[in-house]
Every structure is written in structure tokens, then in C-alpha cells.
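Here is a short report on a predicted model. Please look over the sequence and the fold before reading on.

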Amino acid sequence: MFDLINFFQGILNTFFLVKIFIILAIIIYIVFLLVVVKQVNSLNAVIREVSSTVLRSFAIFMLILAMLLLLTALVIL
Amino acid sequence: MPDLFVSENNKNPKGENLEKKETPLSERKILETVSHALPSDSPDRKVHLLTAYCENPKGLIFTNLDDGEKILLFLRRHLITNFPWIIKAALASLVPLLFLIFLSFFGVILPDNYTFILILFYYLALLGYIFVQFISWFFNITLVTNQRVVDIDFSQLVFESVAATKHPQIEDVSYHQVGVLASVFDYGDVTVQTAGAASSFLFAQVPHPEKAVHLINNLIAKESNV
């Protein structure tokens, strides 16, 4: 019985909740970046200039960074 | 009556008469309109990442351009109007530092791995904010072509619209310059009243509004004479 209580206490400790919160926040952020990439692509289809490619690359770069951050958080937290 | 004399310039090596292909009258008039609307010293300019005002822009592709349509003026909000969000982002970049000082002041110390991930996430989110603000500015474009005025609106990722009106439908063009900054940096709001479905177009905080209004007015005046 005590083991079970300890187990739940361990799960519900502050840092575990913080970890869940951080991972959820990063996932939401990745979804947000997917919308950004989609919007940049759709606007590039309407109007294109030399620097449009730079913006699209930067949006994809941020998405990759966010995915790497999610992986890092899953590993080290 | 046959021509008695044909200039040598009009003969090709085979000795046949070369007929000059005449440009249609309406096309000629439009070309004249364009050349009069723009100042004579406005060469083609390349649009770059931070361009806010450009006459005869080069390297710009608007996919809905009709045949024979040429972009004469490219407008975005003045660069200085980005200043508020740049200041906000600069201040926000100091928050993690202040937060860590605040925590240590109360004796709360987060584990290193949590601190690392939280700070990385915070700066990535800040980068996202900066990027969204930038593309909201970057994709808010007004184009004046030799046939119409096109307004591309994009705001905070969720609002996107492309509206256009032909020059004959334009009823009135005016501009307002309000505030010290607007006067110093020469930017203002240009309003184009139309007879079309979209009753008016507002080009907010564009550089050199007087020049833009002058150009659009010239185009309308010349086109009404055609």
C-alpha cells in the first residue's frame, strides 16, 4: 500500500508536473510553427521576391530547432 | 500608287520591304500613361528584404498579374513602424536573466537540465514572436500596377486577404500624416476610395504617401484621358 502511495507521490511531484508542462508547451509550439511554415508557403505562392526563400528557410529552420528541443527535453528531463 | 522610293533602312538583305509592326493605339496610350505617371529619374530597383517603398520594382513576382500588366509601385509599412515590437522583444530577452536572479533571491534553485530547457524554449518562443511580427510586416504589401491597385493583407497568422481594384473604379485618393514620427520619417496612411465591392483601401503607414498619391492620381487622370 505504502509503495503505491510513494509511487503516486513520485509521479505527482513538482518536477514531474513541470516536465509534462514543458513538453506540452513545446508540442503546442511545434504546431504553431507548422502553421507559420504553411502560411509562409501560401503567401510565397501569391507574391515572390528574392528574400522570400530566406523567410521560408528560416521558418523551416525554427521548426527543426523546436523538434530538436522536444527531443532534448524528452531525453534530459 | 507604288512607292517610288523605299529607304535602305527598311530593306532587309534580301531586298524585301520590312513592314514596321505598329503597336496598337490603346497599348501605346497605356505605355505613355505609365511613362508619364512615373518620374523620369525612377530607374528599376531591386526589392530586398527591408524595402518599404520602391518604384519600378525588380525581382518581384506577383502571380495574379495579367498580361501586359507592370508593377509601378511597391509599398509596405515604413520600417520604423516595427520599432515597438523590436523594443518589446529586446526587453523580453532580458526576462530569463531577471527570473533567475529573482529565484536565487528567494533561495529557489531549479535543476540545471530544467533551467537549460526552459531558457532554450523561452528564446525559441521569442524568436517565433519576432518572426511572426516580421512576416506580418513583410507580407502586408500594396502594389500599384499600370492597370489596378492590389492590397495584400496578412496579420498575425490568421488573417490573409488579397483585394484589387482597377484604376477606372478609383474615385478618390488621399493621405493622412498624423504625429511627430510620421512627419519626421515621412510616412502616412493612404486611402483609396473605390466604386467597387470593397469601398475603400487603406495602405497604413506607408513611406512617402504624397508621392504614392501623386502617382495613383496621375495614373487615374491619364487613364481617364485614354
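## Helix H6 of chain B

Helix H6 of chain B covers residues 209-225, 17 residues in all. From its first C-alpha to its last, H6(B) reaches 24 Å. That is close to the 24 Å expected at 1.5 Å a residue.

The buried residues of H6(B) are B:Pro209, B:Ala212, B:Leu215, B:Ile216, B:Leu219 and B:Ile220. They lie on the same side of H6(B), because they cover an arc of only 135° around the axis. An α-helix has 3.6 residues a turn, so residues three or four places apart point the same way. On the other side of H6(B), B:Glu210 and B:Asn225 are exposed.

## Chain A

Chain A holds three helices and one strand. Along the sequence, the pattern is α-α-β-α. Chain A has 77 residues, and 16% of them are buried.

## Where the chains meet

The contact between the chains involves 28 residues of chain B and 31 residues of chain A. On the chain B side, strand S4 (60-62), helix H4 (112-138) and strand S7 (148-155) each give two or more residues. H4(B) supplies the largest share, 14 residues.

Definitions and conventions
Residues are numbered from 1 along each chain as its sequence is written. Chains are lettered from A and ligands numbered from 1 in the order in which they are written. This is a predicted model: local features need pLDDT of at least 70, side-chain atom pairs count only at pLDDT 80 or more; totals for chains, interfaces and linings use all residues. Helices (H or I, at least four residues) and strands (E, at least two) are DSSP runs, numbered from the N terminus. The expected span of a helix is 1.5 Å times one less than its number of residues. A residue is buried if 20 or more other C-beta atoms lie within 10 Å of its own, exposed if 12 or fewer, and partly exposed in between; C-beta atoms are placed from the backbone. The arc is that of the directions from the helix axis to the C-beta atoms. Two residues are in contact if their C-beta atoms, placed from the backbone, lie within 7 Å.
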